[in-house]
Amino acid sequence: MPDVQALVNDFVNQLKKRKIEGSQATAKQTAELLRSVISQQRVPHTNQAAALINAVRAVGEQLIAANPVELAVGNIVRRTLHIIREEDLSLATAAMAGLGLSVASDDEDDMERSDHPVLSAAAVAAAARSTLRPPSLQTLLEDMPDSAAVPHTSSSGGDSEGKSRSVDKGSRGRKLKHDVIEAVNELIQDISTCYEQIAEQAVEHIHQNEVILTLGSSKTVLEFLCAAKDKKRSFKVFVAEGAPRYQGHLLAKDLAARGLQTTVITDSAVFAMISRVNMVIVGAHAVMANGGVIAPVGLNMVALAAQRHAVPFVILAGSHKLCPLYPHNPEVLLNELRSPSELLDFGEFSDCMDSASGAGSLHIVNPTFDYVPPKLVSLFITDTGGHNPSYMYRLIADYYSADDLVVKGRPTTGS
Amino acid sequence: MDTRRTPRAVIDPKVRKVGFFAPPEPSQSGLPDPIPLPSSSLSPVMIPPPRHSSENLLHHARPPASVVSGASSVSIEGSVVAGGSYGSSSELFPAPMSPASSSYSSSRFVGGGDGDYCLNGVAVASPGRGGGKAAASFPRGGFELTEAKASSVPASELTTVSVVNDSSLGIRERDKADNGRGSALEMKDQTANSKQKKDKTTKAERRALQEAQRAAKAAAKAEGNKASGNVTSGNAKPAKATKPPQKYEHGSLLPDLEAKFFQLDTVHPAVYKAGLQYLSGNIYGSNARCIAMLQAFQDAIRDYRVPPEKTLVRDLTAKISSYVSFLIECRPLSISMGNAIKFLKTRIAKLPLTLSESESKASLHSDIERFINEKIILADKVIVKHAVTKIRDGDVLLTYGLSSAVEMLLLHAHDLGKQFRVIIVDSRPQLRGKILLRRLVEKGLSCTYTQINALSYIMHEVTRVFLGASSILSNGTVYSGVGTACVAMIAHSFRVPVLVCCEAYKFNERVQLDSICSNELGDPEVISKVLGREDVNYLDGWANTENLQLLNLVYDATPSDYISMIVTDYGMVPPTSVPVIEKEEEEDLTSHHHRRQTGTHKTGNGGDDRVLAPPVEDEEEDDVVATKQRRRPRSDFSYGCTKKKTRWLDGDDAVALGGGGTVAMSWREEERKKDD
């Protein structure tokens with residue numbers, strides 16, 4: 001499929017050059033790309049789900065490698081894989097129900113002969129279901145002795161199933177692809193409208209005459225605040241400008257245009273002003289599974305100041321920002337250094353550098369992201385509602401399959 | 001809801017130097033009294049032209065940039081006429097005659113009180129938004145003095161100290177009531193329309209006139225010397241026709257001063273120069289500002305002559321007060337400057353009556369000289385001496401903005417051959433870290449430069465944080481350039497020691513818990529423009545956007561629990577010891593002024609500083625060193641209930657020792673003298 005490959009390469013280039021700004025745009029474009037990958041993927045008669053998964057995974061690997069810091073790409077790849085598994089499962093259960101097999105009895109059988117080469121549809125369903133949630137103790141125990149050989153994934157199950165009932169295959173394969181594309185479409189829809197669902201909850205959180213502080217710019221925050229404003233709440237907003245990108249200026253302008261009383265402050269004045277603030281509402285770049293947040297640079301400072309003054313620190317995040325990974329040394333490993341020219345003009349210090357050849361040196365550090373540890377976050381507001389940081393791992397588990405947490409390096413899965 | 005965080009509506013107009021501007025009382029009367037300009041708006045020498053009768057005042061051709069071009073409403077007899085443009089609609093300006101005069105007088109008494117006036121002019125309210133650059137040509141020589149009774153200012157949630165500002169209201173002027181009024185009215189003698197005003201002389205004006213007559217210096221002298229140079233940075237902006245709910249505005253502006261130029265005849269040129277340098281930002285940093293002010297006062301005292309039938313003590317004090325109020329016009333005083341003024345006034349008050357005029361002046365001159373040398377220059381050297389012991393090879397030092405003491409410290413440590421890296425954190429809008437960065441890089445230090453948002457990223461590698469301070473308040477709060485609190489907070493959260501270098505003369509007995517109640521406002525315009533980033537122009541024209549305000553705080557207050565140690569000329573102390581030092585310093589400055597007259601700080605024996613001495617009673621030791629320079633007489637040793645002093649250990653644990661509430665002082669200076 002050369003056309004798909006061209007699309008993929010194009011997108012990879014854009015990611016590498018950091019041409020795509022914002023996790024929402026990235027997520028949306030990733031989902032659209034994966035949708036075309038799926039629709040172009042030729043589905044064999046047997047083992048359709050595995051074929052799709054392999055195709056998506058191969059593309060996803062490239063995308064993630066192109067910009068490992070943009071976690072939304074990986075999130076969407078995993079979401080798509082999850083969708084494929086889910087659709088396959090629902091088709092399998094439907095087929096099984098049509099055959100009138102007893103689920104309970106087959107489950108029993110399955111446990112007794114777990115490495116039997118030929119499995120029933122129910123066994124497939126059970127195995128597939130197990131991939132939807134974090135691995136249970138049972139599956140862990142089953143997997144432990146011979147993880148490579150155990151046919152617990154849907155792919156091997158589908159394989160065996162294909163041998164037994166190949167008549168059913170043709171229609172089911174088309175149906176699977178169709179369903180997956182439908183579901184991906186829904187995902188794209190969700191991504192583009194997630195801020196609406198988040199904004200609906202604004203009135204529950206913003207009270208009359210409150211003072212809200214935010215930093216930088218986020219469309220979600222803009223919509224959230226405006227939704228509260230539309231519901232006749234009157235409140236004030238402080239916007240920290242968010243150096244070095246100064247997106248706060250843009251946000252302030254938009255907020256003021258929408259009739260909110262807005263005050264722009266410098267980032268350095270955050271600590272000074274936070275004592276008069278009732279709530280900090282900010283957007284995030286990504287939410288990690290431990291409840292930590294990868295956020296625009298400067299937010300850790302805001303979060304610390306908010307904690308000092310016991311001001312609630314609220315993160316707004318669409319579900320595409322929920323990342324199933326746990327961070328390790330995120331300040332460095334999940335960060336990116338931007339151009340020094342945002343801080344100092346090119347050549348601004350060249351005159352004094354010449355005289356100090358060798359002796360002195362000048363480094364410019366201009367990171368993009370901050371890591372806000374979960375203990376500093378009071379609340380996450382996602383499109384499914386408000387959540388505690390400690391609950392994020394569970395919320396995230398709903399969106400991803402445990403099998404997909406590592407997109408790369410699972411050569412044994414899929415045949 | 002936590003009541004602490006609920007919006008506050010307390011307004012204390014007495015703390016005017018802070019600069020939150022509250023919405024104005026709309027019933028203020030304005031009496032614009034513009035004067036025509038000399039044709040050359042950039043002339044360094046401004047000579048007050050004769051004023052014409054009011055009808056054609058506004059028909060004088062003005063340079064376009066010089067015009068306060070926005071709509072400004074003028075109130076006649078206390079009522080506000082909204083709309084119209086100052087520059088173009090001359091009909092809005094009333095003849096500065098009877099109605100306005102009467103409103104002036106009436107409002108004066110309504111306003112009551114002195115020093116409470118929240119006054120500012122259109123130019124104050126409109127710092128540079130219109131892009132007009134020729135501030136020197138501001139056509140507003142004659143100023144109407146209106147008083148906004150501050151207590152009537154509508155409460156605003158953020159405004160705890162109110163300075164009324166509304167660009168759409170008439171021209172108001174903030175000034176200390178008496179001085180401004182006096183000098184303003186003095187101008188009446190020169191001008192035609194003010195003579196007309198004189199016909200309506202009220203009680204207030206008569207009183208003001210008396211004060212004006214007392215003023216000796218002619219305005220022309222000041223003009224001739226000092227008008228040029230710094231005065232071109234003021235801008236005009238269109239005032240908003242629609243009254244915004246509240247704008248945070250710069251407290252004082254050049255155009256305002258320019259307008260007052262003709263009235264400030266009592267200001268000595270040296271003071272005028274210093275004031276303009278504050279205003280233009282050429283002198284910044286509390287030490288530099290304090291030195292500039294004191295030197296200006298030295299010049300002023302040198303040229304001072306006691307008027308007949310006056311006593312030096314009283315008249316000079318009043319004189320200094322008027323200078324101070326002028327300086328406040330230019331920029332609110334820093335706390336260190338306030339302390340220096342307090343020192344000077346005490347010295348004046350304590351002048352023996354037997355001294356002749358010239359002797360008194362010589363005495364004051366040397367007092368000021370000594371203050372500068374001992375309290376600032378030598379104190380910095382002592383601080384560097386102390387603090388450099390905290391720098392070890394391999395350290396990564398972080399500093400924020402530009403602090404003269406920290407700069408000296410870093411350079412000194414570099415000269416000593418210590419191997420360390422410096423991380424300079426900077427923040428908008430002042431970006432003074434760049435100045436420090438340049439100075440350090442030129443000297444060959446290895447530096448890392450970053451902006452304040454990246455603190456969490458960079459703090460991992462930092463081993464020490466050195467900060468400067470504008471003042472240290474007696475609850476241990478460090479009052480310093482905005483952003484300092486953020487740096488200290490993040491360092492604290494990363495368990496990095498925070499050392500604050502601050503001279504003892506900056507200590508103040510005030511207490512403050514947050515940064516809002518008392519602060520200085522910078523020019524909001526600088527926030528909207530990002531230096532060197534033309535792509536960030538979203539806020540262009542923000543002044544015309546309803547609901548949008550820019551707030552530019554100058555200082556913030558760092559809670560004392562973020563501070564590990566304060567390095568001062570008395571030694572290294574924990575924040576809990578600040579009130580003790582403050583008390584020492586106060587007594588030092590006021591009562592025992594002679595004790596250091598022959599003494600000098602010996603700071604050359606740094607090696608001995610490391611002697612770890614157990615806490616001792618200092619009483620006997622003081623006797624031992626009685627023949628040397630005793631820092632303070634024994635009578636000074638009063639710390640409330642205890643006279644016991646702990647000798648400070650010069651180790652990292654020194655701070656920990658002092659934190660427990662016992663009075664802890666550093667006596668290392670005595671120690672040093674003893675060692676000599």
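# Two chains and the contact between them

Let's start at the contact: four salt bridges are counted between chain A and chain B. A salt bridge here is a side-chain nitrogen of Lys or Arg within 4 Å of a carboxyl oxygen of Asp or Glu.

Some ground rules. This is a predicted model, where local features need pLDDT of at least 70, side-chain atom pairs count only at pLDDT 80 or more, and totals for chains, interfaces and linings use all residues. Residues are numbered from 1 along each chain as its sequence is written, chains are lettered from A and ligands numbered from 1 in the order in which they are written, and side-chain values use heavy atoms, with hydrogens and water left out.

Back to the bridges. One of them joins K434(B) to E348(A), with 3.5 Å between the closest N and O atoms. Another joins E241(A) to R428(B), and there the closest N and O atoms are 2.6 Å apart. E241(A) sits in the loop between β2 and α12 of chain A, and R428(B) in the loop between β6 (420-426) and α14 (433-442) of chain B, so this pair joins two chains. Helices (H or I, at least four residues) and strands (E, at least two) are DSSP runs, numbered from the N terminus.

Are E241(A) and R428(B) buried or exposed? E241(A) counts as buried, at 1% relative accessibility. R428(B) is buried too, at 7%. Buried means under 20% relative accessible area, exposed means over 50%, and partly exposed is in between (1.4 Å probe, protein chains only).

Now the whole interface. Chain A brings 69 residues to the contact and chain B brings 68. Contact means heavy atoms within 4.5 Å. The buried area is about 5700 Å², and carbon and sulfur atoms give 59% of it. That area is the accessible area (1.4 Å probe) that two parts lose on being put together, summed over both. Which three residues supply more than any other three on chain A's side? They are S268(A), F271(A) and R276(A), with 13% of the area that chain A buries against chain B.

There are also 21 residue pairs in polar contact across the interface, both residues at pLDDT 80 or more. A polar contact is a pair of N or O atoms within 3.5 Å; within protein, one must be able to donate a hydrogen and the other to accept it, and residues adjacent in sequence count only if both atoms are side-chain atoms. Several elements of chain A supply at least two residues each to the side that touches chain B, including β2 (236-240), α12 (247-257) and β8 (361-365). α12(A) gives the most, with six residues.

β8(A) pairs with β7 (residues 446-451) of chain B, in the parallel sense, over five bridges. Two strands pair if DSSP finds at least two bridges between them. Look at I364(A): Y449(B) in β7(B) stands opposite.

Next, inside chain A. Helix α14(A) has ten residues and eight of them are buried, so α14(A) is largely enclosed by the rest of the structure. Just after α14(A), A310(A) takes a positive phi of about 55 degrees.

Then β9 (residues 369-372) of chain A. In a regular strand the side chains alternate between the two faces of the sheet. Here F369(A) and Y371(A) point one way, D370(A) and V372(A) the other, and all are buried. β9(A) runs antiparallel to β6 (residues 293-296) of chain A, with four bridges joining them. In β9(A), D370(A) is the bridge partner of A295(A).

On to chain B. The chain holds 21 helices and 16 strands. Of its 676 residues, 63% count as buried. Where is H268(B) found? In the loop between α7 (254-260) and α8 (269-280) of chain B. H268(B) is buried, with a relative accessible area of 3%. Its side chain reaches the backbone nitrogen of A270(B) at 3.0 Å. The H268(B) side chain also makes a polar contact with the side chain of D303(B), at 2.7 Å.

Last stop: R331(B) and E520(B). Their side chains meet in a salt bridge, 2.8 Å from N to O. This pair links distant parts of the chain, 189 residues apart. Both R331(B) and E520(B) are buried. Over all chains, the structure holds 28 salt bridges.
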